[in-house]
Amino acid sequence: MGKIRLHKWMADCGVASRRRSEAMIAEGRVSVNGRPVSEQGVQIDPEKDRVTVDGKALQGPPAFKYYLYDKPVGLLTTVHDPQGRPTIFDALADLRQQVVPVGRLDRDTSGLLILTNDGELTYRLTHPSHLVDKRYEVTVQGAITDKAMRALAQGVLLEDGKTAPAQVTLLHRSKNKSKLALTIHEGRKRQVRRMCKAVGFPVIALRRTHLAGLGLNHVSEGEVRPLTRQEVRQLYEAVGMQPSQQSKRRR
């Protein structure tokens, strides 16, 4: 196999995301061959080196699992909430120890969420450099103007900088509310809601319908199902990974 960065190996083994794995290393919770490691960038040979996290040895990457979940409103996208609020894994208790969510949907946002233990795919789908499209159905207050839609399409200046251009399609417009299809590839916190508020049309309801071209096929709100092999291949190809990389380890 050759050498691999420690935090990537931890993610591949399903310990945590790459970013969280880096934090665990910095916290001194990881050892290699009995020696605590706290610096970043350490490389290991998985076939020769023994890695432990909180004293527990890593057993190597598990077989990959992939699920499509239609998240309802009212659930947090996290494994555990310190405040005791409902999370997606309260609804999906059987999957709690098996997979993690790819990215996040706000508590008040519903729709498509991918769950997997494939660390490399998770990293690529969520890293901004891969420009992964995310499509939302957005219901806003009032009859949205053409000017506001052009602003959304061209990019909106927010407190953390101007957003990248978006694809905007008007689905419905009436006096009291309008519905748009909005496609973005960034992943800033509450980005769609902030964009719409910035152009003067606050969001009433928000639902993600597609990720990397994958839609909510054959699943209803609150339901979860395994991805098909073709759907997994579609996600891999969207981020420049070879389908053969996942076929060897998929359960």
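View 1. Ala-238 lies in helix H7, which covers residues 229-238; helices (H or I, at least four residues) and strands (E, at least two) are DSSP runs, numbered from the N terminus. The model is predicted: local features need pLDDT of at least 70 and side-chain atom pairs count only at pLDDT 80 or more, while totals for chains, interfaces and linings use all residues. Residues are numbered from 1 along each chain as its sequence is written, and side-chain values use heavy atoms, with hydrogens and water left out. Ala-238 is partly exposed, at a relative accessible area of 35%; buried means under 20% relative accessible area, exposed over 50%, and partly exposed in between (1.4 Å probe, protein chains only). Between the C-alpha atoms of Ala-238 and Asp-81 there are 31 Å, with 157 residues separating the two along the chain.

**View 2. Asp-81 in its loop.** Asp-81 sits in the loop that runs between strand S7 (66-71) and helix H3 (88-91). With a relative accessible area of 7%, Asp-81 is buried. Apart from neighbours within four places in sequence, Asp-81 is in contact with Leu-76 and Thr-87, where contact means heavy atoms within 4.5 Å.

View 3. Helix H6 (residues 191-198) is largely enclosed by the rest of the structure, because six of its eight residues are buried. The buried residues are Gln-191, Val-192, Arg-193, Arg-194, Met-195 and Cys-196. Just after H6, Gly-200 has a positive phi of about 95°.

View 4. Most residues other than glycine have a negative phi. Arg-190, in the loop between S14 and H6, has a phi near 50°, a positive value in a residue other than glycine. Its relative accessible area of 36% makes Arg-190 partly exposed. His-218 also is not a glycine and has a positive phi of about 60°. The loop that holds His-218 lies between strand S16 (214-215) and strand S17 (224-226). His-218 counts as exposed, at 76% relative accessibility.

**View 5. Gln-167 in strand S13.** Strand S13 (residues 167-173) contains Gln-167, which is exposed with a relative accessible area of 51%. Leaving aside neighbours within four places in sequence, Gln-167 is in contact with Asp-133, Ala-181, Leu-182 and Thr-183. Gln-167 and Glu-231 are 23 Å apart, C-alpha to C-alpha, and 64 residues apart in sequence.

View 6. UniProt places the feature "domain: RNA-binding S4" at residues 4-68, in an unreviewed entry; its positions are given in the numbering used here, feature names are shortened, and annotations may be inferred rather than shown by experiment. The span is 25% helix and 28% strand, and its end C-alpha atoms lie 29 Å apart. The protein chain has eight helices and 17 strands. Its C-alpha trace spans about 65 × 40 × 40 Å along the principal axes. Of the 251 residues of the chain, 47% count as buried. Among chain contacts between residues at least 6 apart in sequence, 62% join residues at least 24 apart.
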